[in-house]
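Welcome, and thanks for taking a look at this one with me.

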Amino acid sequence: EVADAEEAEAEAAGDPCVRAAVATALEAHRVLEEHVAACDGEEGRRCLGLGEEWRSLSERAREGPRLHESGRDCARSHPTWCGEVAVNGASSRPPALSSQPTLRCRRSHPTRQGVDVRTTDAFCGQAGVNGAIGVGDAAASSEAVRAVLADPDKRRLTDPLWQSTEVVRSLPSRLVRIEGWRTLEFGIVTERFKAPAVVVSPRDSLVVRVRLKSVDGTRVRLVQRSVDAPALAVPRGYVRLRLACGGYQIRAVAPDRCTTVYVNALDPNGYVPKPVVRTTMPDRAMTVAKAAQAAERHRKTGKWR
């Protein structure tokens, strides 16, 4: 069985589609790690390392808008470039960005239910890619919070728009090697989501997904990023969104306490009214609060709902 597994792994490693999926997973993890490092610091530091486009509402009110030469409210973009790597082995890169481009910013939000919520409409310097980050603590074990976020049977506790998840292809986890981490799961999945408003089409996504656990056992991560696979048609009536970076880190602070950083950045790939975007993106960040509440409820009552 071991020999068969090694042979299958070697065969997969030689597949250009799989190599592209590995590259996508590594890039997605790099982007997630940078944002986690900026948000989850020592002594309860929250989001202090994020760029100015992630400023909270209270900071904006105190400092006032920064005006570009054109008179528009602007801020510098995050310097990270979120590239796109296709499953078919092709690589798509947007035009090179200057080191400190200026981009229009959308209003962010104050702390809600103990969660620091930040949003931007130019994630990693890409105009039109809406990003949301939520950071908060839970009075529950990291394993309980992970169960809420990872178990399909509990998914609607945190995401009422979610409809289904299907594994398109499972890949050998050992193909994704990241120092300090053990890869628990690696594959390509598709997900479907209900429309957030009657004027918006439902969405589906096709992503590389990786689940990891730190070598010291204190942190778990899920990382996702869109890939291209023309052979996998978009379901009728749906629009395929582009996920630039999606996932979370759960860090154990104590046996019954943990901190979660949730990142969600996407291009809806079609018209979505601005009021819908302004509502749904902060709501995505509030996944942290919903997961914490479910885990805390289970610790107290033994029930998830």
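## Overview

How many helices and strands does the chain have? The chain has six helices and 13 strands, where helices (H or I, at least four residues) and strands (E, at least two) are DSSP runs numbered from the N terminus. Please keep in mind that this is a predicted model, in which local features need pLDDT of at least 70 and side-chain atom pairs count only at pLDDT 80 or more, while totals for chains, interfaces and linings use all residues. Residues are numbered from 1 along each chain as its sequence is written, and side-chain values use heavy atoms, with hydrogens and water left out.

Of the 305 residues of the chain, 50% count as buried; here buried means under 20% relative accessible area, exposed means over 50%, and partly exposed lies in between (1.4 Å probe, protein chains only). The chain exposes about 14,900 Å², and carbon and sulfur atoms supply 51% of that area, with accessible areas taken from the Shrake-Rupley method with a 1.4 Å probe. Contact means heavy atoms within 4.5 Å. Among contacts between residues at least 6 apart in sequence, 65% join residues at least 24 apart.

The predictor's confidence in each residue is its pLDDT, on a scale from 0 to 100. The mean pLDDT of the chain is 77, and 72% of its residues reach 70 or more. Over residues 57-107, however, the pLDDT is below 50, although this stretch has 109 contacts in the model beyond near neighbours in sequence. Where pLDDT is low, the predicted coordinates should not be read in detail.

## Strands side by side

Let us start with strand 5 (116-120). Five of its five residues are buried. D116, R118 and T120 point one way from strand 5, whereas V117 and T119 point the other way.

Two strands pair if DSSP finds at least two bridges between them. Strand 5 pairs with strand 6 in the antiparallel sense over five bridges, and T120 stands opposite G131 in strand 6. Strand 6 in turn pairs with strand 13, again antiparallel, over nine bridges; there I133 stands opposite V263 of strand 13. Strand 13 is also joined to strand 12 by 11 bridges, and these two run antiparallel. A hairpin leads from strand 12 to strand 13 through two residues, and A254 stands opposite R257 in strand 13. Nine of the 11 residues of strand 13 are buried, so this strand is largely enclosed by the rest of the structure.

## Helix 5 and its cover

The 12 residues of helix 5 should span 16 Å at 1.5 Å a residue, and its end C-alpha atoms are 17 Å apart, which agrees. The expected span is 1.5 Å times one less than the number of residues. Which residues of helix 5 are buried? They are V276, V277, M281, P282, R284 and A285. The cover over these buried residues includes strand 5, strand 6, strand 13 and helix 6 (287-301).

## Charged links

A salt bridge is a side-chain nitrogen of Lys or Arg within 4 Å of a carboxyl oxygen of Asp or Glu. The whole structure holds 13 salt bridges. In one of them, D137 meets R257, with the closest N and O atoms 3.9 Å apart. D137 lies in strand 6 (residues 130-138) and R257 in strand 13 (residues 257-267), so this pair ties together parts that are 120 residues apart in sequence. D137 counts as partly exposed at 36% relative accessibility, and R257 does too at 38%.

R284 forms a salt bridge with D159, the closest N and O atoms being 3.1 Å apart. R284 belongs to helix 5 (residues 274-285) and D159 to the loop between helix 4 (142-150) and strand 7 (162-170), so the pair ties together parts that are 125 residues apart in sequence. Both R284 and D159 are buried. D228 and R242 form another salt bridge, with the closest N and O atoms 2.4 Å apart. Elsewhere, E27, R30 and E34 are linked in a network of salt bridges.
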